[in-house]
Amino acid sequence: MSDAWLVVLLVGGATVTIKAAGPVLLGGRALPAPVTRMIGLLAPAILGALVAWATFAVDRRLVIDERILGMAAAAIAIWFRAPLLLVVVIAGGVTALARALT
């Protein structure tokens, strides 16, 4: 068995163990209120971090280029409650325009 498959099996086993630990340890009890609020905030925080990493990181370096203008345009469009498809089009258009001009 290769090292890659060993890692896949270990990570898969750890994932199953972690997911099974919650119901086994908590039983029928509800989570405390602070934990419930924190869990609700995890998905947006992780999504924001992934977007920031994909936008501003290249080869483990911080890169500020034309993409920041597209992100700013998307943020402004979201501020004005534009539909998601329009936000994506605006961000792509502003980024493409900035790249064409520089």
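Helix H2 has a kink of about 30° at Leu42, shortly before the proline Pro44; the bend at a residue is the angle between axes fitted to the seven residues ending there and the seven starting there. The model is predicted: local features require pLDDT of at least 70 and side-chain atom pairs pLDDT 80 or more, while totals for chains, interfaces and linings use all residues. Residues are numbered from 1 along each chain as its sequence is written, and side-chain values use heavy atoms, without hydrogens or water.

**Helix H2**

- Helices (H or I, at least four residues) and strands (E, at least two) are DSSP runs numbered from the N terminus.
- The 24 residues of H2 should span 34 Å at 1.5 Å a residue, and the 35 Å between its end C-alpha atoms agrees with this; the expected span is 1.5 Å times one less than the number of residues.
- Thr55, also found in H2, is buried at 10% relative accessibility (buried is under 20% relative accessible area, exposed over 50%, partly exposed in between, with a 1.4 Å probe and protein chains only).
- Leaving aside residues up to four places away in sequence, Thr55 touches Val63, Arg67 and Met71, where contact means heavy atoms within 4.5 Å.

**Nonpolar surface patch**

- Leu31, Val35, Met38, Ile39, Leu42, Ile46 and Leu50 form a nonpolar surface patch with about 610 Å² of accessible area together, areas being from the Shrake-Rupley method with a 1.4 Å probe and, for residues, only the protein chains shown as cover.
- Patch residues have over 30% relative accessible area and no salt bridge; like charges are joined within 9 Å, and nonpolar side chains (Val, Leu, Ile, Met, Phe, Trp, Tyr) within 5 Å.
- Leu50 lies in H2 (residues 33-56) and is exposed, at 53% relative accessible area.

**Salt bridges**

- The count is two salt bridges, each defined as a side-chain nitrogen of Lys or Arg within 4 Å of a carboxyl oxygen of Asp or Glu.
- Arg67 pairs with Asp65 at 3.1 Å, N to O, and Asp65 is partly exposed at 23%.
- Glu66 pairs with Arg99 at 3.8 Å, N to O. Because Glu66 lies in the loop between strand E2 (61-62) and helix H3 (67-79) and Arg99 in helix H4 (residues 84-101), this pair ties together parts 33 residues apart in sequence.
- Arg99 is partly exposed, at 44% relative accessibility.

**Positive phi values**

- Most residues other than glycine have a negative phi.
- Arg60, in the loop between strand E1 (57-58) and E2, has a positive phi of about 65° and is exposed at 80%.
- Arg81, in the loop between H3 and H4, has a positive phi near 60° and is exposed at 76%.
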